[in-house]
Amino acid sequence: MKVQKNLIVITGGAGGIGQVCARAFKNHPLILTDYSQERLNETVEKLSKEGFNVSGIACDITSKKDIEKLTEFVADKGALKAFIHTAGVSGTVKDLHKVYTIDLVATELLVDAFYKLAVKDSVAILLSSMMAHTVPANKDYDEALANPQAPESFDTVSEFVNNNSDLMYNFAKRGVQLLTIKNADKWGEKGARIVSVSPGVIETPMALKAAEEHPERMEMIKQATPLKRNGQPEDVAEVIRFLASDAARFINSTDILVDGGVIHNIKKMK
């Protein structure tokens with residue numbers, strides 16, 4: 001029976017940014033999903049003890065069957081307020097196809113699935129990356145990025161990334177931004193919105209690991225940041241909380257950079 005309203009659904013809910021996003025919505029019923037059932041159970045248990053109204057369901061976001069189970073679980077709980085998609089992988093996985101599939105194809109699968117649950121004032125908030133802003137518009141790959149499920153999409157994009165998984169990550173995250181444009185009219189017909197957020201260097205466990213492996217590069221980026229610091233997960237979560245609120249009701253089909261201003265200086269370096 002549908003008894004709860006204004007549901008907040010967060011993918012990557014056991015991750016660094018996902019968990020902090022969950023904490024930003026204490027007054028809403030939360031549904032978290034993650035690939036790892038074990039990590040998800042730990043997160044749900046921890047938040048429940050802190051007084052959150054939270055439930056969880058494991059999901060492989062590259063599987064249409066798993067996504068269907070997720071949306072059925074959500075639909076049974078009530079009305080969707082916000083779908084917040086933080087799950088993904090970085091280029092450190094060193095696998096072009098894995099990066100493309102998890103970061104872009106799965107994003108479109110989820111957007112399509114949650115569109116069916118969208119109602120007036122629902123919003124989809126997709127995590128992109130500041131690095132997407134280093135990829136210029138180009139009709140030769142943008143059509144492929146905006147249609148990642150097309151059979152030739154991956155091969156088309158692969159021609160531009162020089163077998164570099166970090167570059168593929170940047171391209172895939174540009175694709176995430178293009179999906180907000182592609183889906184804006186469709187979601188808008190329901191009175192719903194779709195936006196993306198592009199974090200810079202955020203001190204999650206993943207970023208801290210990168211800092212250990214590449215200390216000079218990470219310090220260079222920090223010094224190139226006008227605010228002379230890295231971001232914290234809360235810096236992203238607070239923006240997402242605003243975008244999910246009615247105060248952001250006319251913000252649609254756009255990308256919000258949360259990078260301390262560093263991307264402009266990174267572009268100059270290139």
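A salt bridge is a side-chain nitrogen of Lys or Arg within 4 Å of a carboxyl oxygen of Asp or Glu. In this predicted model, R23 and E50 meet that criterion, because their closest N and O atoms are 2.4 Å apart. The pair links distant parts of the chain: R23 belongs to helix α1 (residues 16-23), while E50 sits in the loop between α2 (37-49) and β3 (54-56), 27 residues apart. R23 is partly exposed, with a relative accessible area of 33%, and E50 is likewise partly exposed, at 34%.

The setting of this pair is the fold as a whole. The protein chain has 11 helices and 7 strands. Its radius of gyration is 18 Å, close to the 18 Å that the globule rule gives for 270 residues, so the chain is as compact as a globular protein of that length. Along the principal axes, the C-alpha atoms fill a box of roughly 55 × 40 × 35 Å. Of the 270 residues, 52% are buried.

The whole structure contains 9 salt bridges, and two further examples may be considered here. R229 forms a salt bridge with D235, with 3.0 Å between the closest N and O atoms. D235 is part of helix α10 (residues 233-244). R229 is partly exposed at 41% relative accessibility, and D235 is also partly exposed, at 27%. From C-alpha to C-alpha, D235 lies 17 Å from G12, a residue 223 positions away in sequence.

The other example joins K120 to D121, whose closest N and O atoms are 3.5 Å apart. K120 counts as exposed, since its relative accessibility of 62% is over the 50% cut-off. D121, by contrast, is partly exposed, with a relative accessible area of 36%.

V119 is found in the loop between α4 (96-115) and β5 (123-127). V119 is partly exposed, with a relative accessible area of 39%. The C-alpha atom of V119 is separated by 6.3 Å from that of A192, although the two residues are 73 residues apart along the chain.

E143, E152, D155 and E159 form a negative surface patch. Residues of such a patch have over 30% relative accessible area and no salt bridge. One of the four, E159, lies in the loop between α6 (153-158) and α7 (165-188). E159 is exposed because its relative accessible area of 65% is over 50%.

Methods: Residues numbered from 1 in each chain as written. Predicted model: local features only at pLDDT ≥ 70, side-chain atom pairs only at ≥ 80, totals over all residues. Heavy atoms only, no water. Patch = residues over 30% accessible without salt bridge, like charges linked within 9 Å, V, L, I, M, F, W, Y side chains within 5 Å. Areas by Shrake-Rupley, 256 points an atom, 1.4 Å probe, with all protein chains shown as cover. Lys, Arg positive; Asp, Glu negative; His and termini not counted. Charge placed at Lys NZ, Arg CZ, Asp CG, Glu CD. Helix = DSSP H or I, 4+ residues; strand = E, 2+ residues; numbered from the N terminus. Buried < 20%, exposed > 50% of the residue type's maximum accessible area, 1.4 Å probe, protein only. Rg over C-alpha atoms; globule rule 2.2 N^0.38 Å.
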